[in-house]
Amino acid sequence: CAMHYSHQQPDVARPLIAQLGSHHRDRVLQHLRALPPHDLWLRFGYAVTDEALRLYVRKLHFNRDALFGIFDETAQLLALGHLGFDKRTSSKTAEFGISVLPHARRRGFGLQLLQRAAVHARNRGATRLIMNYVPENTALKQMAERARMQLEPGSDEPRAYLSLEPPTAVSLMDETFSEMLAAIDLGFRVANADAQRRLTSA
């Protein structure tokens, strides 16, 4: 089933969702290090060492892939979504992975990141978004069901699929405008957090 999107008026209750760049690597690493070991296993499908996390962050390809984060008022990265695109330019499939800090769960952040990633994938020309997950990750399965993704059960690595509609001029402009505002907001939050840190350490 295809996911439909409509232009919505800004909602002050919605969290800040911003696309990340290479200058956010440290924040990405801090976010992943804050996840309990079991959460890292659910996210990656295997036991992850700190060295593996650093290697993962170091190898993030911001020009090819897209990373989205949800930030609080102190610019802490509460939730992270990694939208990966195949190296083959002919591929029309994008793969999505997600992680949310324990204290930020049950607030709909995962679904909002999935929706944001689907918009970006659609505008990049992808026709399908997939999520792979371990069978024990019931939270991700439930999120996929809420997003009306097509589930493909498997004993080792179940998958969820989402069909994407072709991009339109409106979808492209909406994403560009929304991301511009998000980048400005995030810049203010980071600057305020850095200033607060300097004051408390002085």
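# Terms and values in a predicted model

User: Why is Phe188 called exposed?

Analyst: Phe188 has a relative accessible area of 56%. Exposed means over 50%, buried under 20%, and partly exposed in between, with a 1.4 Å probe and protein chains only as cover. The 56% of Phe188 is over 50%, and therefore Phe188 counts as exposed. The model is predicted: local features need pLDDT of at least 70 and side-chain atom pairs pLDDT 80 or more, while totals for chains, interfaces and linings use all residues. Residues are numbered from 1 along each chain as its sequence is written, and side-chain values use heavy atoms, without hydrogens or water.

User: Where is Phe188 found, and which residues form the nonpolar patch with Phe188?

Analyst: Phe188 is found in helix α6, residues 169-201. Helices are DSSP runs of H or I with at least four residues, and strands are runs of E with at least two, numbered from the N terminus. Phe177, Met180, Leu181 and Ile184 form the surface patch together with Phe188, with about 530 Å² of accessible area in total. A patch takes residues with over 30% relative accessible area and no salt bridge; nonpolar side chains (Val, Leu, Ile, Met, Phe, Trp, Tyr) are joined within 5 Å, like charges within 9 Å. The areas come from the Shrake-Rupley method with a 1.4 Å probe.

User: What makes the contact of Arg105 and Asp39 a salt bridge?

Analyst: The closest N and O atoms of Arg105 and Asp39 are 2.4 Å apart. A salt bridge requires a side-chain nitrogen of Lys or Arg within 4 Å of a carboxyl oxygen of Asp or Glu. Since 2.4 Å is within 4 Å, the pair meets the definition. This pair links distant parts of the chain, 66 residues apart: Arg105 is in the loop between β4 (93-100) and α4 (109-123), and Asp39 is in helix α2 (residues 37-44). Side chains of opposite charge can pair when their charged atoms come close.

User: Why are α1 and α3 called roughly antiparallel?

Analyst: Helix α1 (residues 25-33) and helix α3 (residues 50-58) pack at about 150°, with their axes 10 Å apart. Axes are lines fitted to C-alpha atoms over the stretch in contact, and angles run from 0 to 180 degrees between N-to-C directions. Angles under 35 degrees count as roughly parallel, over 145 as roughly antiparallel, 65 to 115 as roughly perpendicular, and the rest as oblique. The angle of about 150° is over 145, so α1 and α3 are roughly antiparallel.

User: What is the handedness of the crossing of α1 and α3, and of α4 and α6?

Analyst: The crossing of α1 and α3 is right-handed, and that of α4 and α6 is left-handed. A crossing is left-handed if the near helix is turned anticlockwise from the far one by less than a right angle, and right-handed if clockwise.

User: Why is Ala75 counted as buried, and why is Arg106 called exposed?

Analyst: Ala75 has 1% relative accessibility, which is under 20%, so Ala75 is buried. Arg106 has 87%, which is over 50%, so Arg106 is exposed. Ala75 lies in the loop between β2 (66-71) and β3 (77-85), and its phi is near 70°, a positive value in a residue other than glycine. Arg106 lies in the loop between β4 and α4, with a positive phi near 60°.
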